[in-house]
Amino acid sequence: MPRERHSLWIRLIYSVCLATGALMHWLDIAAAGWLPYRFAPLTFNAYWTGLAFADLLAALLLWHRRPAIRWTGALLTLAIMISDVAINSYVRLYIAELPLFALTLQSAFLGFVILTIRHLRPE
């Protein structure tokens, strides 16, 4: 498969996963108000609330016409997923019983990002 076709499919998968994450955060905000994760420390609550915006920004950047900006979207996706899996793992172990299924899906997506991000690097 040519490089651009790889890039298209990878960006599509990243975007769907990021949009799904953003939707989950927006649904939490709609249901419980701003900073809805009251079981967690304020820093984690603010981080998760911020993902409602950051996930969408990363997804949008992935579709910019300039490859350097698409690369920024890919790097933002990687940073989001590394931090999200780390924070969610910490919270699950030490603070609250977060759903294991969701953490497993996030971890799988992080693995996919790590394995595929090189295909999005501009030439």
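Ser-7 is buried, with a relative accessible area of 6%; buried means under 20% relative accessible area, exposed over 50%, and partly exposed in between (1.4 Å probe, protein chains only). This is a predicted model, in which local features need pLDDT of at least 70 and side-chain atom pairs count only at pLDDT 80 or more, while totals for chains, interfaces and linings use all residues. Residues are numbered from 1 along each chain as its sequence is written, and side-chain values use heavy atoms, with hydrogens and water left out. Helices (H or I, at least four residues) and strands (E, at least two) are DSSP runs, numbered from the N terminus.

- Ser-7 has its place in helix 1.
- Leaving aside neighbours within four places in sequence, Ser-7 is in contact with His-119 and Leu-120, where contact means heavy atoms within 4.5 Å.
- From Ser-7 to Val-113 the C-alpha distance is 12 Å, although the two are 106 residues apart in sequence.
- His-25 also lies in helix 1, and His-25 is buried, with a relative accessible area of 11%.
- Not counting residues up to four places away in sequence, His-25 touches Tyr-37, Trp-48, Leu-51, Ala-52 and Asp-55.
- Leu-35 is in the loop between helix 1 and helix 2, and at 26% relative accessibility Leu-35 counts as partly exposed.
- Phi of Leu-35 is near 55°, a positive value in a residue other than glycine.

**Aromatic rings**

- A search of the whole structure finds nine aromatic pairs; rings of Phe, Tyr and Trp (its six-membered ring) pair if their centres lie within 6.5 Å, and planes under 30 degrees apart count as stacked, over 60 as edge-to-face and the rest as tilted.
- The pair of Phe-44 and Trp-48 is tilted, because the ring centres are 6.2 Å apart and the planes stand at 45°.
- Phe-44 and Trp-48 are four residues apart in helix 2 (residues 42-61), so about one helical turn separates them.
- Both of these residues, Phe-44 and Trp-48, are buried.
- Phe-44 also pairs with Tyr-90, with ring centres 5.9 Å apart and planes at 70°, so this pair is edge-to-face.
- Because Phe-44 lies in helix 2 and Tyr-90 in helix 3 (residues 67-94), the pair ties together parts that are 46 residues apart in sequence.
- Phe-44 counts as buried at 16% relative accessibility, whereas Tyr-90 is partly exposed, with a relative accessible area of 40%.
- One aromatic cluster is formed by Tyr-37, Phe-39, Phe-44, Trp-48, Tyr-90 and Tyr-94.

**Charged side chains**

- The structure holds one salt bridge, defined as a side-chain nitrogen of Lys or Arg within 4 Å of a carboxyl oxygen of Asp or Glu.
- In this salt bridge the side chains of Arg-92 and Glu-97 meet at 2.4 Å, N to O.
- Glu-97 is exposed, with a relative accessible area of 64%.
- Arg-11 lies over the face of Trp-63, at 4.4 Å from the ring centre; a charge sits over a ring if NZ of Lys or CZ of Arg is within 6 Å of the ring centre and within 35 degrees of the ring normal.

**Nonpolar core**

- The largest nonpolar core has 25 residues; such a core is a set of buried Ala, Val, Leu, Ile, Met, Phe, Trp, Tyr and Cys residues joined through side-chain atoms within 4.5 Å.
- Tyr-14, Trp-48 and Leu-120 have the most contacts inside this core.
- The elements that give two or more residues to this core are helix 1 (3-32), helix 2, helix 3 and helix 4 (100-116).
- Helix 3 gives the most to this core, with seven residues.
- Not counting residues up to four places away in sequence, Tyr-14 touches Leu-62, Thr-77, Phe-109, Phe-112, Val-113, Thr-116, Ile-117 and Leu-120.

- Helix 3 has 28 residues and reaches 40 Å from its first C-alpha to its last, close to the 40 Å expected at 1.5 Å a residue; the expected span is 1.5 Å times one less than the number of residues.
- Among the buried residues of helix 3 are Arg-70, Trp-71, Asp-84 and Asn-88.
- Leu-100 is found in helix 4, and at 48% relative accessibility Leu-100 counts as partly exposed.
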